[in-house]
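Subject: Handover of a protein structure

Dear colleague,

Please find below the structure that I am passing on to you.

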Amino acid sequence: MSTATTTSEIATFAAGCFWGVEHIFLKHFPPSQNKGILSTAVGYTGGNPIVTNPTYKLVCGGATDHAEALKIEFDPSIVTYDELVEFFYRTHDPTTANRQGGDTGTQYRSAIFTHSDDQAAIAKRVTEEVQAKHFTPKGKKIVTEIVPGGQWWDAEDYHQLYLFKNPDGYQCPTHRLHW
């Protein structure tokens with residue numbers, strides 16, 4: 001009897017404060033329920049390449065241009081990249097540049113950091129579909145960056161699973177299902 005081997009993939013999204021982004025993805029795709037997400041980490045990406053090992057304080061200062069982001073390891077045989085990209089759009093306001101709710105700065109930008117040509121093509125296609133269906137009728141334009149993923153740095157330990165460890169912690173009001 002042969003057993004199939006699963007090859008996981010990585011998806012990386014920035015949609016404001018990484019606490020809320022991680023929290024909403026894990027609430028809807030809990031690894032314990034085998035819904036496709038295998039693991040997550042919050043961290044920093046998309047910044048100035050000469051800045052290595054950025055800290056929360058440094059990133060929040062705005063000088064590094066890193067985004068607070070969520071890295072998701074997922075099983076594409078259970079949840080597709082298309083589905084994750086659409087869910088990403090459902091859970092924040094992708095029409096505001098460098099802002100989610102009251103959080104402002106480049107670290108809070110809306111971005112999809114792709115890890116292959118296929119992911120880039122899917123992200124662009126899903127973005128166009130979501131734009132046409134959900135934002136064009138409202139007269140709004142998605143400003144999400146779709147860029148190749150670069151160097152990743154895990155955030156400090158206390159940020160990982162923050163809203164699960166601190167249920168009364170700050171959560172950006174845009175991190176909810178919008179449709």
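**An enclosed helix**

Helix α1, residues 18-28, is largely enclosed by the rest of the structure, because 9 of its 11 residues are buried. Buried here means under 20% relative accessible area, exposed means over 50%, and partly exposed lies in between, with a 1.4 Å probe and protein chains only. Helices (H or I, at least four residues) and strands (E, at least two) are DSSP runs, numbered from the N terminus.

Please note that this is a predicted model, in which local features need pLDDT of at least 70 and side-chain atom pairs count only at pLDDT 80 or more, while totals for chains, interfaces and linings use all residues. Residues are numbered from 1 along each chain as its sequence is written, and side-chain values use heavy atoms, with hydrogens and water left out.

The buried residues of α1 are F18, W19, G20, V21, E22, H23, I24, F25 and L26. Which elements cover them? The cover includes the strands β1 (9-15), β2 (37-45) and β3 (67-74), together with the helices α2 (56-60), α3 (81-90) and α5 (162-165).

**The chain as a whole**

The chain has 5 helices and 8 strands. Along the sequence, they follow the pattern β-α-β-α-β-α-β-β-β-α-β-β-α. The radius of gyration is 16 Å, close to the 16 Å that the globule rule gives for 179 residues, so the chain is as compact as a globular protein of that length. This radius is taken over C-alpha atoms, and the globule rule is 2.2 Å times the number of residues to the power 0.38. Along the principal axes, the C-alpha atoms fill a box of roughly 55 × 40 × 35 Å.

Of the 179 residues in the chain, 45% are buried. Among contacts (heavy atoms within 4.5 Å) with a separation of 6 or more, 78% are between residues 24 or more positions apart.

**Salt bridges**

How many salt bridges does a search of the whole structure find? The search finds 4, a salt bridge being a side-chain nitrogen of Lys or Arg within 4 Å of a carboxyl oxygen of Asp or Glu.

One of them joins R109 to D65, with the closest N and O atoms 3.8 Å apart. This pair links distant parts of the chain, 44 residues apart: R109 is in the loop between β5 (103-104) and β6 (110-114), and D65 is in the loop between α2 and β3. R109 counts as buried at 5% relative accessibility, whereas D65 is partly exposed at 35%. D65 and R109 also belong, with E145, to a network of salt bridges.

R125 forms a salt bridge with D82, and here the closest N and O atoms are 2.1 Å apart. R125 lies in helix α4 (residues 117-135) and D82 in helix α3, so the pair ties together parts that are 43 residues apart in sequence. R125 is partly exposed, with a relative accessible area of 35%, and D82 is partly exposed at 25%.

R125 also forms a salt bridge with E129, with the closest N and O atoms 3.1 Å apart. Both residues lie in helix α4, 4 residues apart, about one turn of the helix. E129 is partly exposed, with a relative accessible area of 44%.

Yours sincerely
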